[in-house]
Protein chains: 2
Amino acid sequence: MGITKTQIFDKRQNELAQLFKILGHPARIAILQHISTQNSCICNDLVEEIGLAQATISQHLKELKSIGLLKGEIEGKRMCYCIDLDRWNELQDFLNSFFNTTKHNCC
Amino acid sequence: MGITKTQIFDKRQNELAQLFKILGHPARIAILQHISTQNSCICNDLVEEIGLAQATISQHLKELKSIGLLKGEIEGKRMCYCIDLDRWNELQDFLNSFFNTTKHNCC
DNA sequence: TTTGTATATCGCAATATTACGATAATAAAA
DNA sequence: TTTTATTATCGTAATATTGCGATATACAAA
């Protein structure tokens, strides 16, 4: 065991869980905050500011890219990672719709 | 390795990540949806409706309780799990504040 | 009391995640 | 061309998560 049984859940449930899961790591939260509020979008800057190894940061960036939250642009020999603001808003709406439709109780 | 280095992140980052992480599993999403929209709050009903073993559902319920999202009431020999709506709203606000303060880009 | 029902917890196996050193790939600079 | 800097990927060790059978616990019903 150890495998999440995705086949017994519907598409929306798996999608929601996947989004929450990717956001569920402090390094990825920190990356998003740095890019957004501290104007550092260069991979190497993030490595220095966050304090994880370069390979580790690169891996986290890849995961954030996998849900479309980040897009990377090549800038000479460096990579500039930016938040895809359209996707960001879309995601926020999606999570809010989950919260709003799940706001009732049976007892 | 394999340990998340929580000590290099601040309290808010770790808290946000923890909340997202707990929500990052389709079974837990399904549990919340069942309780809220399908009026099933009895543990055993969830076991039948979701299709995971009783021990597994019990474990997921425990994790949802750990972030205050569910509260369980004893009802005879059964347990009725309800969403803590105050906590639910608080959490939604907290996640929205993260989304709203991270909505800028450097490039 | 005995039996049956509902839930929690323990222990374990399978799998996933996290982190990082080493190395490859790419492009600018010398 | 050679060197240097930046990032991605591979391989691996450590740890975490998922899922479940077995069992313990608690309560109701017989």
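Start by selecting H1(A) and H2(B), whose axes lie 8 Å apart and pack at an angle of about 120°. (Axes are lines fitted to C-alpha atoms, for helices over the stretch in contact, and angles run from 0 to 180 degrees between N-to-C directions.) H1(A) and H2(B) are therefore oblique to each other; angles under 35 degrees count as roughly parallel, over 145 as roughly antiparallel, 65 to 115 as roughly perpendicular and the rest as oblique. The crossing of H1(A) past H2(B) is right-handed, where right-handed means the near helix is turned clockwise from the far one by less than a right angle, and left-handed means anticlockwise. Now show side chains: Gln13(A), Asn14(A), Leu16(A) and Ala17(A) of H1(A) meet Pro26(B), Ile29(B) and Ala30(B) of H2(B). Two residues are in contact if their C-beta atoms, placed from the backbone, lie within 7 Å.

A word on the labels and the model. Chains are lettered from A and ligands numbered from 1 in the order in which they are written, while residues are numbered from 1 along each chain as its sequence is written. This is a predicted model, in which local features need pLDDT of at least 70 and side-chain atom pairs count only at pLDDT 80 or more, whereas totals for chains, interfaces and linings use all residues. Helices (H or I, at least four residues) and strands (E, at least two) are DSSP runs, numbered from the N terminus.

Next, colour the two chains separately and look at where they touch. How many residues does each chain bring to the contact? Chain A and chain B put in 41 residues each. On the chain B side, H1, H2, strand S2 (78-83) and H5 each supply at least two residues. H2(B) gives the largest share of that side, with 8 residues.

Stay in chain B and select residues 11-23, which are helix H1. At 1.5 Å a residue, its 13 residues should span 18 Å, and the end C-alpha atoms are 19 Å apart, which agrees; the expected span is 1.5 Å times one less than the number of residues. Which residues of H1(B) are buried? They are Gln13(B), Leu16(B), Ala17(B), Leu19(B), Phe20(B) and Leu23(B). Look down the axis of H1(B): these buried residues fall within an arc of 160°, so they line one face of the helix. (The arc is that of the directions from the helix axis to the C-beta atoms.) Buried means 20 or more other C-beta atoms within 10 Å of a residue's own, exposed means 12 or fewer, and partly exposed is in between, with C-beta atoms placed from the backbone. Their cover includes H1 (11-23) and H2 (26-37) of chain A, along with H2 (26-37) and H5 (85-101) of chain B.

Now pick Cys41(B), in the loop between H2 and H3 (43-50) of chain B. Cys41(B) counts as buried because it has 24 C-beta neighbours inside 10 Å.

Hop over to chain A and find Asn39(A), in the loop between H2 and H3. Asn39(A) is partly exposed, with 13 other C-beta atoms within 10 Å. Its phi is near 50°, a positive value in a residue other than glycine.

Last stop: H3(A) and H4(A) (residues 54-66), whose axes come within 9 Å and cross at roughly 115°. That crossing is right-handed.
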